[in-house]
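Please examine the sequence and the structure shown here before reading on. The paragraphs that follow lead through the strands, the salt bridges, the backbone and the surface in turn.

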Amino acid sequence: MTSALILIDLMPRIIALPLAPHSGEEVLTRCRRLAEAFRASDRPVVLVRVERLNTTEQPPGSGFADGLVQPSDVVVVKRTVGAFHGTDLHDQLSNLGVDTLVLAGLVTTMGVESTARAASDHGYELEFVADAMSGFAADEHDFTVEKIFPRFGDVRNTAAYT
């Protein structure tokens with residue numbers, strides 16, 4: 001079994017939003033720790049960010065957080081909420097022999113959940129790092145982590161991986 005860490009939308013403009021129950025900076029710090037642990041055990045790290053359609057220039061803060069991407073990482077640019085539609089993410093994961101995805105990032109009820117649902121449709125086993133993601137509102141995040149994600153896979157915290 002090969003697992004990959006999928007980090008969603010860790011972009012300065014999203015990290016800076018008023019998020020709950022964890023701030024964007026708290027999520028970024030935990031995601032950095034997760035990425036270090038995965039790289040140290042030679043497991044793939046996939047970084048996903050969004051670009052807006054039909055615009056010649058992306059808004060400021062649309063790149064990845066400084067120093068997040070490392071040369072060994074897989075980078076995916078999406079143009080929808082989820083990371084699978086219209087990207088080569090599934091092909092890249094298949095080529096790496098990945099069958100389990102560990103999901104974290106921003107925002108719980110948007111990019112993370114959408115990616116999780118599509119990943120399930122593709123047949124991946126799923127794990128969610130609850131304290132390494134956050135939402136627009138704490139109650140939305142908590143509902144998704146407590147009620148939705150357990151239907152798709154295991155819910156853990158950063159300490160389980162680091």
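Predicted model: local features only at pLDDT ≥ 70, side-chain atom pairs only at ≥ 80, totals over all residues.

Which residue in strand 5 is the bridge partner of Val102? The partner is Glu127. Strand 4 covers residues 100-106, and strand 4 and strand 5 run in the parallel sense, paired over 6 bridges.

The salt bridges come next. Side chains of opposite charge can pair when their charged atoms come close. In this model there are 8 salt bridges. One of them joins the side chains of Lys78 and Asp9, with a separation of 3.0 Å from N to O. Because Lys78 belongs to strand 3 and Asp9 to the loop between strand 1 (3-8) and helix 1, this pair ties together parts that stand 69 residues apart in sequence. Both Lys78 and Asp9 are buried.

Another group of charged residues is connected through Glu51. The side chains of Arg49 and Glu51 form a salt bridge at 3.0 Å, N to O. Glu51 also forms a salt bridge with Arg79, where the closest N and O atoms are 3.2 Å apart. This second pair links distant parts of the chain, since Glu51 lies in the loop between strand 2 and strand 3, while Arg79 lies in the loop between strand 3 and helix 3 (89-95), 28 residues apart.

Val107 is part of the loop between strand 4 and helix 4 (108-121).

Positive phi angles occur at two residues discussed here, Asp42 and Asn54. Asp42 is not a glycine, yet its phi is positive, at about 55°. Asp42 is placed in the loop between helix 2 and strand 2, and with a relative accessible area of 72% Asp42 is exposed. For Asn54, which is likewise not a glycine, phi is positive at about 55°. Asn54 sits in the loop between strand 2 and strand 3, and its relative accessible area of 84% makes it exposed.

The surface carries patches of two kinds. Asp139, Glu140, Asp142 and Glu146 form a negative patch. Asp142, one of its members, belongs to helix 5, which covers residues 138-148. Asp142 counts as partly exposed because its relative accessibility is 30%. A nonpolar patch on the surface is made up of Leu17, Val81, Met110 and Phe136, which together have about 330 Å² of accessible area. Leu17 is found in the loop between helix 1 (12-15) and helix 2 (24-40). With a relative accessible area of 34%, Leu17 is partly exposed.

Two distances, taken from C-alpha to C-alpha, relate sequence to space. Gly61 and Ala16 are 45 residues apart in sequence and 9.3 Å apart in space. Gly61 is part of the loop between strand 2 (45-50) and strand 3 (74-78), and it counts as partly exposed because its relative accessibility is 28%. Ala138 and Ala40 are 98 residues apart in sequence and 32 Å apart in space. Ala138 is found in helix 5, and with 29% relative accessibility Ala138 counts as partly exposed.

How values were computed:
Residues numbered from 1 in each chain as written. Heavy atoms only, no water. Patch = residues over 30% accessible without salt bridge, like charges linked within 9 Å, V, L, I, M, F, W, Y side chains within 5 Å. Areas by Shrake-Rupley, 256 points an atom, 1.4 Å probe, with all protein chains shown as cover. Salt bridge = Lys/Arg side-chain N within 4 Å of Asp/Glu carboxyl O. Lys, Arg positive; Asp, Glu negative; His and termini not counted. Charge placed at Lys NZ, Arg CZ, Asp CG, Glu CD. Helix = DSSP H or I, 4+ residues; strand = E, 2+ residues; numbered from the N terminus. Buried < 20%, exposed > 50% of the residue type's maximum accessible area, 1.4 Å probe, protein only. Pairing = 2+ DSSP bridges.
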